[in-house]
Amino acid sequence: MAQIYISLGSNINKVHHMQSALIALESHFKKIIHSSVFESEAVGFAGNNFYNSVVAATTSMALADVCALLKQIERDNGRTASDKKFSPRTLDLDLLFYDDVICQSPAQLPRDEITKNAFVLQPLSEVAPDFYHPVAKQTVAQLWSAYNNPQQKLWKVEFSNP
């Protein structure tokens, strides 16, 4: 079984799409742990605030199959392949880690966003503080403790799991 971590984000009909993603993820993966949900300002474009969280899970699925499943869940929630990188999102699911795999395809692992964005790193630190980042050579808790970007503000929000 592989240990995986997935970031979830939405800034269009946020509650609906986050709940829909959680239902879909829980139907495919075992032992799901869900972080708090955080609200943050859009990064890279002017837009509505995002809801963000991270899910930890275990799976027997191959890496490529996990990536394909995440894309399908995004499509099921209205995401299209033509969406620009920095634009509003119904749902954005990114595989952050698949065990300690380091690769560029079928996904970049570990994701660069882990160390660059508070909206990924803080919820990840809730569900995986002791997970060792194979590139940064630190635990997630150490990375979060050292994180310093005061321009990225986020705050916990009340959120009901489906």
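**Reading the backbone and the helices**

Author: K137 lies in the loop between β6 (132–133) and β7 (138–139). Helices here are DSSP runs of H or I with at least four residues, strands are runs of E with at least two, and both are numbered from the N terminus. The model is predicted, so local features need pLDDT of at least 70 and side-chain atom pairs count only at pLDDT 80 or more, whereas totals for chains, interfaces and linings use all residues. Residues are numbered from 1 along each chain as its sequence is written, and side-chain values use heavy atoms, with hydrogens and water left out.

Reader: What is the phi of K137, and is K137 buried or exposed?

Author: Buried means under 20% relative accessible area, exposed over 50%, and partly exposed in between, with a 1.4 Å probe and protein chains only. K137 is not a glycine, yet its phi is positive, at about 60°. Its relative accessibility is 52%, so K137 counts as exposed.

Reader: What span should helix α1 have, and how far apart are its end C-alpha atoms?

Author: The expected span of a helix is 1.5 Å times one less than its number of residues. Helix α1 covers residues 14–28, so its 15 residues should span 21 Å, and the end C-alpha atoms are 21 Å apart, in agreement.

Reader: Which residues of α1 are buried, and what covers them?

Author: The buried residues are K14, H17, M18, A21, L22, A24 and L25. They cover an arc of only 165° around the axis, which puts them on the same side of α1; the arc is that of the directions from the helix axis to the C-beta atoms. Their cover includes the strands β1 (2–10), β2 (30–34), β3 (37–40), β4 (50–59) and β5 (92–98), as well as helix α2 (63–76).

Reader: What does H17 touch?

Author: Contact means heavy atoms within 4.5 Å. Leaving aside residues up to four places away in sequence, H17 touches S10, I12, N77, T90 and L91. H17 sits in helix α1 and counts as buried because its relative accessibility is 8%.

Reader: At what angle do α1 and α2 pack?

Author: Axes are lines fitted to C-alpha atoms, for helices over the stretch in contact, and angles run from 0 to 180 degrees between N-to-C directions. The angle between α1 and α2 is about 150°, and their axes are 10 Å apart. The two helices are therefore roughly antiparallel; angles under 35 degrees count as roughly parallel, over 145 as roughly antiparallel, 65 to 115 as roughly perpendicular and the rest as oblique. On the α1 side the contact is made by A21, A24, L25 and H28, and on the α2 side by L69, L70 and I73.
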